[in-house]
Amino acid sequence: MTRRQREGSPWTGFSAVFLKELADHLGSARMRVLEWLVLLTGIAAVVAAIQDFRANSGQDPFLFLRLFTYAKDPLPAFVSLLSFLVPIVAIGLGFDAVNSEFARRTLGRVLAQPIYRDVLLFGKFLAGVATLTISLLALWLLVFGLGLVLLGVAPSTEEALRALTFLVIAIAYGAVWLAVAILFSVLFRSSATAALAALGVWLLFSILWPILVPFAVRILVPSELDLAFGIPSMEQLGLQLSLSRLSPNTLFGESVLAVLNPGTRALGLVFPSQLRGAIPGAPLPFEQSLLLVWPQITGLIATAILLFAATYVVFQRQEVRA
Amino acid sequence: MMTPDLVIEAKSLTKRYPGGKVAVDRLDLGIGRGEIFGLLGPNGAGKTTTILMLLGLTDVSEGTVRVAGFDPAREPLAVKRRVGYLPDAVGFYDGMTAFENLAYSARLMGLDRKDSRERIAAALTRVRLSGSADARVATFSRGMRQRLGLADILLKRPEVAILDEPTSALDPQSTHELLQMIREMKADGMTILLSSHLLDRVQSVCDRVALFNRGRIALIGSVPELARSVLGGGYAIEIEAAGEGVVETLSSIQGVRRVTREGGHLYRAECDVDCRSAAAAALVGRGVSLLRLAVREPSLDAIYTHYFEGAKDDKAAA
Ligand SMILES: Nc1ncnc2c1ncn2[C@@H]1O[C@H](COP(=O)(O)OP(=O)(O)O)[C@@H](O)[C@H]1O
Ligand SMILES: [Mg+2]
């Protein structure tokens, strides 16, 4: 592509694309199904937790936050559910973002209007993020309301701040998966292929990655300690941590752990699977917790931006014709 | 340098796809204001590619283009604001109504709500779809979709309308309606570039045509001009006349090149201009009884087959 001096506002048409896509998402049957799925499972997890809390009304100063992290068999904790379901919703929103325009033969007509090509992509991306925000906010408010009514205690300011941060992290996490889905919607002309590819990546990171990483580490950095006693060396643990942090699921799990569990003092060798395990020690103040997870949060946002940039480059080079 | 009355101007325009395929090869083209220009050629000739370059929707490999005074590669928005485009096999959002589809286009154009409402109503009336404004596009026939595509263009009130294969897959009635609407657009002062692989379909609306094959223009001009240069004679007149010396009389008329007797009372004269009245006067003056006199428009089909016989093997791509 030749470098071009842009004339006119680069944002021309953005609001038109954004509003149309948002209306499409909010009115679509697909979105309604996904929303009900998340809503029902989320509520089930929270209500189960509340019942337990009432039975043994603990003296936990952060009782409200425990709503999000408490797991009562056989239900997983609310955050674990989200870590699983948010990617599915995001993929559901994005997997046919661009290829459906090709399939419907609307792309040429839309791009012949006075807008830049990236505005179409950006409008679709942000409309997806807005839809995620709306659904997650609704869910979050519901959990909050259930907590207020059923627990009968009001959250402290600190708890509210932490819960709000958790909401932001969940949105950033969703944005990453939305970017993955939109990238595939540009790469593959068939939306079924794009959906499968995105779900494949999701499976890789949510199920295979935690299994693969320790394996890979053993092969990459053999250690005698490990061979003899099955105790991993520090070097191995370091690599394992770095590798697992390549997964957005790890970033989400770690940051949520630290934010919702004020007792978390470090995110060294703690894994999201240990989310339930309370770490002994005095709780950190909110600012300290935020500082702790800052790299994770920026990591999630940076991943979303990088994926979007890659999508932009691919889309810009594509022919308008199907 | 730009010629001021040319709305579309291409100089040595070339498109090379990655992989080396040259889809458009040093094309020179000038289309004047208010013209209906036909880009005619078989499938794979490079018509769509040319159109996409005019709109700035695909990169130009070499050469220069100006549309409505702007370079589509440098100032795409300026061009797109002035040019309406009907893509080949145009598509709409099926779940939305005709009105909603046009309203989306109007918002992309930056029209305000009131203005867009008025323009949409006017455009739908023009293409005789006002009765279906609130019907979902999924229920539309092919002909209605094409007309909605024209409405999409009318909405913009463009200087130039570029229509890619507007009549393809339409039945004769729909084709006729669509061509009539294209004529009305011209009457409004729009410049129109249309492409087609069906020559006889569009020859009646085109002021000028370019015969296009394998990325190159073989011939360019009005239909009678092309007929003259390709087929020799510009007009063919059929005469039915009873009497003596018809051939000699007709041959003596200025502008007539050749007269043949087709058998019985039927004669055929090839001439440079339409010389029916001269022929009638001369024959009647000779005391011949004139039974019938008809002009046969030169057919693009004849020109087409003449020019594109060798193109049959190039049908692979759409
Ligand atoms: N994206 C592409 N990559 C490579 N070749 C292409 C591409 N698009 C079109 N072509 C080739 O360019 C030529 C012209 O195509 P096109 O402009 O669609 O012709 P027409 O519209 O006249 O049927 C065809 O031979 C086609 O195969
Ligand atoms: Mg074509």
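How many residue pairs are in polar contact across the interface of chain A and chain B? In this predicted model, the rule finds 14 such residue pairs, with both residues at pLDDT 80 or more.

On the side of chain A that touches chain B, the elements giving two or more residues are helix H1 (14-27), helix H6 (107-111) and helix H7 (117-151) of chain A. H6(A) supplies the largest share of that side, with 4 residues. Sorted by class, the side of chain A that touches chain B holds 11 nonpolar, 7 polar and 10 charged residues.

The contact as a whole draws 28 residues from chain A and 35 residues from chain B. Between them, the two chains bury about 2900 Å², and 56% of this area is on carbon and sulfur atoms. The rule also finds 1 salt bridge across the interface. The side chains of Arg109(A) and Asp152(B) meet in a salt bridge, at 3.2 Å from N to O.

The interface totals are listed here.

| Item | Value |
|---|---|
| Residues from chain A | 28 residues |
| Residues from chain B | 35 residues |
| Area buried between chain A and chain B | about 2900 Å² |
| Salt bridges across the interface | 1 salt bridge |
| Polar contacts across the interface | 14 residue pairs |

Chain A also carries a nonpolar patch on the surface, formed by Phe84(A), Leu203(A), Ile207(A), Leu208(A), Ile211(A), Leu212(A) and Phe215(A). Together these residues have about 640 Å² of accessible area. Helix H9 (residues 191-220) of chain A gives the largest share of the patch, 6 residues. Leu212(A) lies in this helix, H9 of chain A.

Note on methods:
Residues numbered from 1 in each chain as written. Chains lettered and ligands numbered in written order. Predicted model: local features only at pLDDT ≥ 70, side-chain atom pairs only at ≥ 80, totals over all residues. Heavy atoms only, no water. Contact = heavy atoms within 4.5 Å. Buried area = accessible area lost by both parts, 1.4 Å probe. Salt bridge = Lys/Arg side-chain N within 4 Å of Asp/Glu carboxyl O. Polar contact = N/O pair within 3.5 Å; in protein donor to acceptor, adjacent residues only side chain to side chain. Nonpolar A, V, L, I, M, F, W, Y, C, P; charged D, E, K, R; others polar. Patch = residues over 30% accessible without salt bridge, like charges linked within 9 Å, V, L, I, M, F, W, Y side chains within 5 Å. Areas by Shrake-Rupley, 256 points an atom, 1.4 Å probe, with all protein chains shown as cover.
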